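Here is a short tour for your next look at the model. Have the sequence and the 3D view open side by side.

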Amino acid sequence: MQAIETKYLPATNTRGSRIKATSASGLSVTVPYPHELSGMECHWEAARALVAKLGWGAGEYVAGGTKGGYVFVALGYREGVPGERFKP
């Protein structure tokens, strides 16, 4: 499972403000800034749109702030897939 990184894109002369969500593989989706939401909820919307685009399906995700936005990581893993679950 890949992490999703989101970042805020400010408005320009031709486009309103947006949130861009990008997977570790470089696939991305950009959504209009949902002004009815605030803070991390806006970034959740962009992450959800990317999850839908990639066909990953529903799942539980955790989020953390970064210098430029947020990172979302799925909690689920597939048994037997190397690197998907850390075992101390």
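Buried means under 20% relative accessible area, exposed means over 50%, and partly exposed lies in between, using a 1.4 Å probe and protein chains only. This is a predicted model, where local features need pLDDT of at least 70, side-chain atom pairs count only at pLDDT 80 or more, and totals for chains, interfaces and linings use all residues. Residues are numbered from 1 along each chain as its sequence is written, and side-chain values use heavy atoms, with hydrogens and water left out.

**Overall layout**
- The protein chain has one helix and five strands, which are DSSP runs numbered from the N terminus (helices H or I, at least four residues; strands E, at least two).
- Along the sequence, their pattern is β-β-β-α-β-β.
- Of the chain's 88 residues, 25% count as buried.

- Leaving out residues up to four places away in sequence, Ala21 touches residues including Ile4, Leu27, Val29, Ala46 and Leu50, where contact means heavy atoms within 4.5 Å.

**The salt bridge**
- The count is one salt bridge, defined as a side-chain nitrogen of Lys or Arg within 4 Å of a carboxyl oxygen of Asp or Glu.
- Glu45 pairs with Arg48 in this salt bridge, with the closest N and O atoms 2.7 Å apart.
- Both residues, Glu45 and Arg48, lie in helix H1, three residues apart, about one turn of the helix.
- Glu45 is partly exposed at 34% relative accessibility, and Arg48 is partly exposed with a relative accessible area of 46%.
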